[in-house]
Amino acid sequence: MVLSVGYTFYYFCITTSYWEVAFIDPWSFTVISLIIGILLIVLGTYYSWKNHHIKRSYHIPDGKITYADLNISEKTLFSPRYRLAGKPDYIVKQQEKLLPVEVKSGAYSHPQFHHIMQLTAYCVLLEDTFQTFVPQGLLVYPSGHHMIMMNPKVRFQLEQIIHEINYSKRSQTAYRNHHDKWKCRSCSLRQHCMEKLI
Ligand code: SF4
């Protein structure tokens, strides 16, 4: 998009005499216009290269990256149905379908259950935000990538977890189930948690 605007603007500047009606002198107008046109072309080329680089590094299939929280902070998605909020790393638009992508840095050889649940939650968030069906999501590890199907089983497992969390919150029976200080260090609930380790 930026690239085509840049080329159009560049072409416009070198072919038109529109500067004659400008309030600045013709040379300044031409030079400024050329600089803006060239900047737009450079910007478009950079974004196009960056998208290509992201897709190649994370094995993201063909499609347009419409959301990239790993690059710039994107808006949080919300599901009123489950009262869930979150941000996938990427969203790729393939024709009319949306594909959430979650990138993990750990050395896992196969998809971890909690990562599958996280990806399933992103599918639900996308479905509620964009009013569409999301049939699959992509989990990316340094060792490889895994396409996870959003079948009824994983959706049911996610619902079970959400119900358990809600019940624990209501009944105040949520207890820590690990001894990992690092988990607590990066936990978003640490400020309010009575069982935090650090
Ligand atoms: S801070 Fe609390 S909720 Fe967060 S990981 Fe630690 S124990 Fe769990």
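This is a predicted model: local features need pLDDT of at least 70, side-chain atom pairs count only at pLDDT 80 or more; totals for chains, interfaces and linings use all residues.
Once its neighbours within four places in sequence are set aside, Asp89 is in contact with Asp69, Leu70, Val101, Glu102 and Val103. Another pairing worth a look is Asp89 with Glu74: the two are 15 residues apart in sequence, while their C-alpha atoms are 9.1 Å apart in space.

Now for the sheet. Five strands make up an open sheet with mixed pairing, and their order is E1-E4-E5-E6-E7. Strand E1 (64-68) and strand E7 (144-149) take the edge places, and each has a single partner strand, so one side of each has no neighbour in the sheet. On average, neighbouring strands here are turned by 25 degrees against each other, direction ignored.

Both senses of pairing turn up around E6. Strand E5 (residues 97-103) and strand E6 (residues 136-141) run parallel and are linked by three bridges. Val103, one of the contacts of Asp89, has Val140 in E6 as its bridge partner. On to E7: E6 and E7 run antiparallel, with six bridges joining them. Here Leu138 stands opposite Met147 in E7, and a hairpin of two residues takes the chain from E6 to E7. As for cover, E7 gets hardly any, since the count of buried residues among its six is zero.

Next come the helices. Helix H3 (residues 113-130) lies across strand E4 (90-94), E5, E6 and E7, and runs at about 145 degrees to E5.

Helix H4 (residues 152-171) passes the same kind of check: its 20 residues should span 28 Å, and its end C-alpha atoms are 28 Å apart. H4 is hardly covered, though, with a count of one buried residue among its 20.

A few backbone angles also stand out. H3 is followed by Gln131, whose phi is positive, near 50 degrees, in a residue other than glycine. Gln131 lies in the loop between H3 and E6 and counts as exposed because 7 other C-beta atoms lie within 10 Å. Arg83 has a positive phi too, near 55 degrees, and again the residue is not glycine. This one belongs to the loop between strand E2 (77-79) and E3, and Arg83 is exposed, with 9 other C-beta atoms within 10 Å. Just after H4, Gln172 takes a positive phi of about 55 degrees.

Which residues are around the ligand? They are Arg176, Lys183, Cys184, Cys187, Leu189, Arg190, Cys193, Glu195, Lys196 and Leu197. Sorted by class, this shell has five nonpolar and five charged residues, and no polar ones.

Key. Residues are numbered from 1 along each chain as its sequence is written. A residue is near a molecule or strand if its C-beta atom, placed from the backbone, lies within 6 Å of it. Ala, Val, Leu, Ile, Met, Phe, Trp, Tyr, Cys and Pro count as nonpolar, Asp, Glu, Lys and Arg as charged, and the others, Gly among them, as polar. Helices (H or I, at least four residues) and strands (E, at least two) are DSSP runs, numbered from the N terminus. The expected span of a helix is 1.5 Å times one less than its number of residues. A residue is buried if 20 or more other C-beta atoms lie within 10 Å of its own, exposed if 12 or fewer, and partly exposed in between; C-beta atoms are placed from the backbone. Two strands pair if DSSP finds at least two bridges between them. Axes are lines fitted to C-alpha atoms, for helices over the stretch in contact, and angles run from 0 to 180 degrees between N-to-C directions. Two residues are in contact if their C-beta atoms, placed from the backbone, lie within 7 Å.
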